[in-house]
Amino acid sequence: MELSNIINIGVVGYGYWGPNLVRNFMRAANSKVTMVCDPEEKQRHRAVESYPGLKTTGRSEELFSATDVDAVAIATPVASHFPLAKAALQAGKHVFVEKPMAANVAQCEELIELADSKNLILHVDHTFVYTSAVTKIKEEIDSGAIGDLLYYDSTRVNLGLFQHDVNVLWDLAVHDLSILGAISDKEPRAVSATGISHVPGQPENTAFLTVFYDAPLIAHINVNWLAPVKLRRTLIGGSKKMIVFDDLSPSESVKIYDKGVETTESEEDIYLLKVSYRTGDMHSPKVELTEALLTEANHFIHCIKKGSPSMTDGRAGLKVVKILEASERSLQLRGGLIEL
């Protein structure tokens, strides 16, 4: 495909997330949205009201065949990610697909193979990876300042939005799994998940996921659609320092604590506790307030123009879906350990 200086984006789905994609691709450098697809007429009307002159359609096939669309951004229910992304890739379009990448591992693998065969960019919308806070956390970890990662403990709860096609792990835990994939090179080895649905006939709305990585890292993720307050707080423990990441505190979203424990094997201390506590300073590094989705949109456009792989490409999406798929099996076993 011959590309001009401007990359033309078509967006499929103009419900909850689609308007955010349109807004940010309109703002991104060397990018503009040329068409929006949604089966609902009222959603297409919303898009035109916000962006007069924007072309709309109710048929995804029309968007995929459009000559003025270079790349497709998909913001639809999870079950439709695979058929839409596959059709877009087959039509020669680069693809930006909302998280999670697809409904199962086999679908992810097929999309990766298709994108590779056509030399197209396949990008998964793991938005948190592009936040300034996570970028800063990764810098601290990569510098060695935090030491070896020991644990990742996250609470991600709120009242709603209830999903009907996926459970709360696929909706919320996906964020933490993508963050873990970005900040650590440790490989997940097994999962254990428990959860329950409090609404008859609907997916689990409360769940607890433990992911066992190469030693010494372990992760625990608490997700819930039925909480009275909204919490987005993560504790990251290192052998040297510890991090608190609070996404709802934008001015001080990352706090680094010089705290930890030290052990001794000295025979002189045989009658003393062999664990001592280290308490030092806390500092909160400056974190830019740039919208993560705009950073991500610019990254996607850059990857298309340079032909370089995305930070959250299909393989990153596949790793997350592998864990989520295993967590489903563990849920059925009420926390049974599933090896990856």
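This is a short tour of a predicted model, stop by stop.

**Stop 1: the second largest pocket**

Start with Ser178, Leu180, Gly181, Ala182 and Met311. These residues lie nearest the centre of the second largest pocket, which has 23 lining residues. Its volume is about 460 Å³. Rolling a probe the size of a water molecule over the atoms shows where empty space is left.

Now colour the helices around the pocket. α6, α7 and α9 (314–332) each give at least two residues to the lining. Which helix gives the largest share? Select α7: 5 lining residues come from there. By type, the lining has 11 nonpolar, 6 polar and 6 charged residues.

**Stop 2: helix α6**

Stay with one of those helices. Select residues 132–142, which make up α6. Ser132, Ala133, Val134, Ile137, Glu140 and Ile141 are buried here. Step just past the end of α6 to Gly144. Its phi is positive, about 90°.

**Stop 3: a nonpolar surface patch**

Select Leu159, Phe162, Val199 and Leu226. Together they form a nonpolar patch on the surface, with about 350 Å² of accessible area. Zoom in on Phe162. It sits in the loop between β7 (149–159) and α7 (168–183). Is Phe162 buried or partly exposed? Phe162 counts as partly exposed, because its relative accessibility is 32%.

**Stop 4: salt bridges**

There are 12 salt bridges in the structure. Go to Arg27 and Glu291. Their side chains meet in one of them, at 3.2 Å from N to O. This pair links distant parts of the chain, 264 residues apart. Arg27 is in helix α1 (residues 18–27), while Glu291 is in the loop between β14 (275–283) and α8 (292–306). Both ends are partly exposed: Arg27 has a relative accessible area of 47%, and Glu291 has 30%. Arg23, Arg27 and Glu291 are linked in a salt-bridge network.

Next, select Asp68 and Lys55. Their closest N and O atoms are 2.5 Å apart, in another salt bridge. Here 13 residues separate the partners. Lys55 belongs to strand β3 (residues 55–57), and Asp68 to the loop between α3 (60–64) and β4 (71–74). Asp68 is partly exposed at 23% relative accessibility. Lys55 is partly exposed too, at 39%.

Then pick Lys255 and Glu252. Their side chains form a salt bridge with an N to O distance of 3.7 Å. Lys255 is partly exposed, at 24%. Glu252 is also partly exposed, at 36%.

**Stop 5: backbone exceptions**

Most residues other than glycine have a negative phi, and most peptide bonds are trans. The next selections depart from that pattern.

Select Lys99 and Pro100. The peptide bond between them is cis, with omega near -20°. Pro100 is in the loop between β5 (94–98) and α5 (105–117). Move on to Ala215 and Pro216. Their peptide bond is cis as well, with omega near 5°. Find Pro216 in the loop between β9 (206–213) and β10 (218–224).

Now look at phi. Asn119 is not a glycine, yet its phi is positive, near 55°. Its place is the loop between α5 and β6 (122–125). Asn119 is exposed, with a relative accessible area of 70%.

End at Arg334. It has a positive phi of about 55°, although it is not a glycine. It lies in the loop between α9 and β15 (338–339). Is Arg334 buried or exposed? Arg334 is exposed, because its relative accessible area is 77%.

Technical notes:
Residues numbered from 1 in each chain as written. Predicted model: local features only at pLDDT ≥ 70, side-chain atom pairs only at ≥ 80, totals over all residues. Heavy atoms only, no water. Patch = residues over 30% accessible without salt bridge, like charges linked within 9 Å, V, L, I, M, F, W, Y side chains within 5 Å. Areas by Shrake-Rupley, 256 points an atom, 1.4 Å probe, with all protein chains shown as cover. Salt bridge = Lys/Arg side-chain N within 4 Å of Asp/Glu carboxyl O. Helix = DSSP H or I, 4+ residues; strand = E, 2+ residues; numbered from the N terminus. Buried < 20%, exposed > 50% of the residue type's maximum accessible area, 1.4 Å probe, protein only. 1 Å grid on protein atoms, 1.4 Å probe; cavity = no way out; pocket = protein on both sides within 12 Å on 5 of 7 lines; lining within 4 Å. Points joined across faces, edges and corners; volume = space filled by probe spheres on them. Nonpolar A, V, L, I, M, F, W, Y, C, P; charged D, E, K, R; others polar.
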